[in-house]
Amino acid sequence: MSALTLASAPEDAEALDAAERHHARLAGELAGRVTMLLTAADRDPGAAERLRTGLVAFCDSEILPHAAAEESVLYPAARRLPDSRLLIEGLIAEHSCLIALVDALRAAATPTAAAADARALQVVFEEHVAKENGLVLPLLAVAPGVRLAALLADLRDRLARDTPASGAPGSPDPDTVRGISGEKEQGAGGCGGTCGCGDAEEETVPELDVRSVPHALRHATVFGALDAVPAGGAMVLVAPHDPLPLLAQIEQRGPGRFAVEYLRRGPEAWRIRLSHR
């Protein structure tokens, strides 16, 4: 039995789990958008610019408001705990770094510069939430006199007040990519790219390979990438197995929004084209 289970109220343990899931969603969606931008950066400058704009909008509506709410709600409570002051000051400094990276991404003059800023932003954010998950949230959950569930409820209320409606989780971003160069696939009338028969007009679509993405972030990464696909566009998902639960979640997020076409069924990789209707 963990120290958290012993020392916290059940609602605090549940709140900690919910906060970690929220962090995983943010990190995954950020990773998906960054991956799409990296794919486009050296192949399609126009698409990369639209992706950069969409990524900045996501940070402005999701990442930075979340950081500001943490500084207002969680960090003051954590700073009062023994031996936690330096940790919290370090995390606040990382928030400043995130803001600076978003501003650099906003002002990036070239796709290459935007890609570098985006990748740095992803790395810093993932390291940042790992510290919050591993240190700050457990400290608050077991601290006498601190109710983590109440703090996180306050944080959610603050985000609901301060976050623009257009930044709601799962809402598609209009500033997205069309025709990023990726691996060439056959259209619906072809063989799915497995035999090279060439009986359908070739096109290029972005590709997201999630085989190396940590399992906890995998679904959110796909959702972030899909939110960067405009109506009429498509992407190819490469997965280590038949992703039936993921496809069900995609359908739940937007019934009928994406058409699914299997291009390859294993054994080492499943390749699935997702077309935004």
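This is a short chat about a predicted model of a protein chain.

Q: What is the mean pLDDT of the protein chain?
A: The mean is 82. A pLDDT of 70 or more is reached by 82% of the residues.

Q: Where is confidence lowest, and where is it highest?
A: Lowest is strand E1, residues 184-185, with a mean of 37. Highest is helix H4, residues 85-107, at 96.

Q: Over which residues does pLDDT stay under 50?
A: Residues 1-7 are one such stretch. The model gives them eight contacts beyond four places in sequence. Residues 166-203 are also below 50. That stretch has 91 contacts in the model beyond near neighbours in sequence.

Q: Switching to helices. At what angle do H3 and H6 pack?
A: About 150 degrees, with the axes 9 Å apart. H3 covers residues 45-79 and H6 covers residues 148-162. Angles over 145 count as roughly antiparallel, so H3 is roughly antiparallel to H6. The crossing is right-handed.

Q: Which residues make that contact?
A: From H3, they include Pro65, His66, Ala69 and Glu70. From H6, they include Leu151, Leu152, Asp154 and Arg158. By class, the H3 contact with H6 has nine nonpolar, two polar and three charged residues.

Q: And H7 with H8, at what angle do they cross?
A: Roughly 45 degrees, and their axes come within 11 Å. H7 is residues 215-226, and H8 is residues 244-253. That angle makes H7 oblique to H8. H7 passes H8 in a right-handed crossing.

Q: Which residues of H7 and H8 meet?
A: His219, Val222, Phe223 and Leu226 are the H7 side. They meet Pro245, Leu246, Gln249, Ile250 and Arg253 in H8. Six residues in this contact are nonpolar, two are polar and one is charged.

Q: Now the sheet. What order do its four strands take?
A: E3-E4-E6-E5, in an open sheet with mixed pairing. Strands E3 (207-209) and E5 (258-265) stand at the edges. Each has a single partner strand, so one side of each lacks a neighbour in the sheet. The twist averages 20 degrees from one strand to the next.

Q: How many bridges join E4 to E6?
A: Six, and the two strands run antiparallel. E4 is residues 234-239, and E6 is residues 270-276. Leu237 stands opposite Ile272 in E6.

Q: Which strands does H8 lie across?
A: E4, E5 and E6. H8 runs at about 165 degrees to E5.

Notes:
Residues numbered from 1 in each chain as written. Predicted model: local features only at pLDDT ≥ 70, side-chain atom pairs only at ≥ 80, totals over all residues. Heavy atoms only, no water. Axes fitted to C-alpha atoms, helices over the stretch in contact; angles between N-to-C directions. Parallel < 35°, antiparallel > 145°, perpendicular 65-115°, else oblique. Left-handed = near helix turned anticlockwise from the far one by under 90°. Contact = heavy atoms within 4.5 Å. Nonpolar A, V, L, I, M, F, W, Y, C, P; charged D, E, K, R; others polar. Pairing = 2+ DSSP bridges. pLDDT = per-residue confidence, 0-100.
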